[in-house]
Amino acid sequence: MSKTVLNIQIDQATIAKVNLLMGDIKNGVPKVMVRAINKTLDGVQTDAVRAIAVDLNLTQTRIREDFYINRATWDYIAGSVVAKGRPVNLASFQGTTETRSDWNGGLSVKVKVSGARVKLKHAFLWSRAAGPIGINPISGSISQGTANTAFQREWHSYHTFRSVNSPWKKFGPKYRLPVETLTGPRIEDEFAKDRVIKSVEIEAKGRIDANMAHELDYELSKLK
């Protein structure tokens, strides 16, 4: 599984300035730089999530799930914001609903904020609490869902269904048709787009400069 990473480091000129002002103070240099970097990382993640939410029809809470932060320490004075995860299941997109109660219906899905809502035939929502949703006739594996997972079942028009909950029941288990999960883009790919990552990098530069100045002033004020 790949990932998209935005690294946060302090430039040499700023490091030289901090060393000049804080070099004689025990732990003064790492304390200032580590706090400034970690505050910046939190802001960078927020900026990235908001930028992605402009394009994808996901809540910021869902987008944030695929981000994590590598924080700076006194031993390693650098940090990063990382986006990593599987493609987002279509059930996670806002407003995804089943269009009918039977298996000839489908799902109504809108992936892009500016895009059109589309209907996917023979797709449905399932949850792990509802139990297994089918058996793959080739591998024999049982397909399980998680909460609010979108699936799509292979379709053959000559099959007739006995019930909504067990569409294969009339024919027996060997006739159960395989299902596949339905997914949209990966958050890491959205983060890697120039529109997102370049704007976040610009904001990150302003954030690290402001946070460094604030932390430096704070430590110096304690010496007065």
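The buried residues of α1 pack against α2 (28-53) and α5 (194-221). Buried means under 20% relative accessible area, exposed means over 50%, with partly exposed in between, using a 1.4 Å probe and protein chains only. Packing here rests on contacts, heavy atoms within 4.5 Å. Helices (H or I, at least four residues) and strands (E, at least two) are DSSP runs, numbered from the N terminus.

This is a predicted model: local features need pLDDT of at least 70, side-chain atom pairs count only at pLDDT 80 or more, and totals for chains, interfaces and linings use all residues. Residues are numbered from 1 along each chain as its sequence is written, and side-chain values use heavy atoms, leaving out hydrogens and water. pLDDT is the predictor's confidence in each residue, from 0 to 100. The chain's mean is 81, and 76% of its residues reach 70 or more.

Back to α1, residues 12-22. Which of its residues are buried? T14, V18 and M22. They sit on the same side of α1, because they cover an arc of only 45 degrees around the axis, taken from the directions from the helix axis to the C-beta atoms. On the other side, Q12, A13 and L20 are exposed.

Now the sheet. Three strands form it, open and antiparallel, in the order β1-β3-β2. Strands pair if DSSP finds at least two bridges between them. At the edges are β1 (4-8) and β2 (67-70), each pairing on one side only. Four bridges join β2 to β3 (residues 79-83).
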